[in-house]
Each structure stands twice: as structure tokens, then as C-alpha cells.
Amino acid sequence: MIVGFVGLGAMGLPMAQNLVKRQFRVRGFDMRREAVQALEGAGGMPAGSAREAAEGADALVLMVVNAAQAESVLFDAGALDALAPGATVILMATCPPAAAKAVADRVVATGRSFVDAPVSGGVVGATAGTLTIMAAAPQAIFDAAKPLLSALGDKLFHVGQEPGQGSAVKTVNQLMCGVHIAAAAEALALAEKAGIDGKIFLEILGGSAASSWMLKDRGPRMLEDEPRVTSAVDIFVKDLGIVLDAGRASKAATPLAALAHQLFLSASAQGLGGQDDSQVVEVYRALAGLK
């Protein structure tokens, strides 16, 4: 199987490399030449454009930033037309459910298949091949895509038959993630305000009923001056915005997501948009008069 892969970022590159390791023939493209060279060094095939990556491919994986980039790759750059007849487009970016469905409709109209398959697990999961994948597609199309998807994640869920349902699950996931990070940051700032050592605080809460995966993962990085970026503040500005849009569309109240969104927005406005999302803690520290 020839797989076109567009979007060789922090997660996309190790995902494409994992496909190469599993004997898929991967032709990749990214705007950053060094990312394409890294894939080539791992045994993949370099492409000079999105259309070239898709040329004659049996599947096209899109690990781009958002739905607008997916549309640009598929329709403006000509990647969809370059695919083999009957090929499958696998959209793995975090997108609004309605946007994923709109892209799917245009793909299916050309006689090709579409899988709405956003992921969770970050850079660590992408590198280890342990991503959680929330896939929505008709059963036969899901079954055909399963070997490829299984090479990228060890927790593969078929969440529905309709495009947009995978994105809906990812939207709810991001609601929980954003709120959990914000809650952890608020708690840590309060502890610091009380004069409690942050490391001791995290050790205590990490083993208590108040613990969460996000507390254990992001908490230690909240104590670092310049932590490694595994997911940026601006990612949650985008994703929590998607949550709020989904809530409005379905008339479901999302007040906690709205508050968390404001805090990530504030962090971005303070110049922290490109830093690790754990650095939303700086907003709380400022509010507490710690900085």
C-alpha cells in the first residue's frame, strides 16, 4: 500500500515513521523541508508538494492543524484529484464535527472513501505508536483502514458510521483535557500562594483522589521555566474554541470549557501561545500576585 502523508509536525513525523516501520510505503510532505528529509532518512519517500505526496496513493493521511488546512491540501493543492481511484482519505486533525463532515462529503463525491479519525496521546503516543484513535466511517471502510490505523495507535475505537462522529468524540476529549490542565494550574498556584513547595504538592495530590492524568503529566512541567513543548497553549485556544462552537450548535452549555478557554486565551495574549500548554499556570500566578 502506498500512503501519502501530509503534515510532518511534532506528531505527524513520528506517525509517518511508524508506518514506514510497519512496511507501508510512505510518501510524505510538509512545508518544512527538514521534516521531509527526516522522513526520508527513516526510509520514507520525500514529496515536494501535497499533490506529489498523494499521487497514485491508496490512502492519504492528513495530520494538519485544522479543517482549513485539510481543505487547502485536498482541494486547493490538488491532492484529492491526484489520489488513486477508490483511495481513502484519513483526516486525523482535530476539527469541528460539521467541518469534518463537509470535507467528507466532497471526498466521497469523487468516489473515494473517507475516515474521520482524530487522535489523542500527544508526541509521546505518536512516537510510541500508542495513540488513541477515534474513527468514524462505514464498517467496510473502517475495516479496510484498520491495518494502517493500528500501526499508529494501540487503542483504536470505531465510534460511528458517519463522518463527524470521530471529531465529536475528540471535541469532548479536548473539553476534559483543557479543563483538567486549567484546574491543575489553579490548584498549584493556590498551593504556591500558601507557601507550599510545588514538588511536595504534586507528590501528595498525585497519589490522592484529586489526581488526574493531566495533573501527573503537566504538573511537573508547570514547575519548569522552559518545559519541552508537547502541546502548545495555542492548540487549546483552538480546540476549546471548537468545544464552544459545538456546544452552541447543539445548545449544550459548556461553562467550564468557556472559562478554561479564556485562561488559555490570556496565556496566549501574554506571549505564551507557542509554549507548552502547562504554562497556562502563569496566568494563575499573575492573578494570585505571584508574578
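Predicted model: local features only at pLDDT ≥ 70, side-chain atom pairs only at ≥ 80, totals over all residues.
Reader: How many of the residues of strand E1 are buried?
Author: Strand E1 covers residues 2–6. Ile-2, Gly-4 and Val-6 point one way from the strand, while Val-3 and Phe-5 point the other way, and all are buried.

Reader: Which residue of E2 is the bridge partner of Ile-2?
Author: Strand E2 comprises residues 25–29 and runs parallel to E1, to which five bridges join it. Together with helix H1, residues 12–21, the two strands make a right-handed β-α-β unit. Within E2, the bridge partner of Ile-2 is Arg-25.

Reader: Which residue of E4 is the bridge partner of Val-6?
Author: E1 also pairs with strand E4, residues 59–62, in the parallel sense, and four bridges connect them. In E4, the partner that bridges to Val-6 is Leu-62.

Reader: Is Ala-145 buried or exposed?
Author: Ala-145 lies in helix H8, which spans residues 139–150. Residues under 20% relative accessible area count as buried. The relative accessible area of Ala-145 is 8%, so this residue is buried.

Reader: With which residues is Ala-145 in contact, leaving aside its neighbours within four places in sequence?
Author: Separation in sequence and in space can both be stated for Ala-145 and Leu-202: they are 57 residues apart in sequence and 41 Å apart in space, C-alpha to C-alpha. Contact requires heavy atoms within 4.5 Å. Once neighbours within four places in sequence are left aside, the contacts of Ala-145 are Ile-90 and Val-115.

Key
Residues numbered from 1 in each chain as written. Heavy atoms only, no water. Buried < 20%, exposed > 50% of the residue type's maximum accessible area, 1.4 Å probe, protein only. Pairing = 2+ DSSP bridges. Right-handed = clockwise from strand over helix to strand, strands pointing away.
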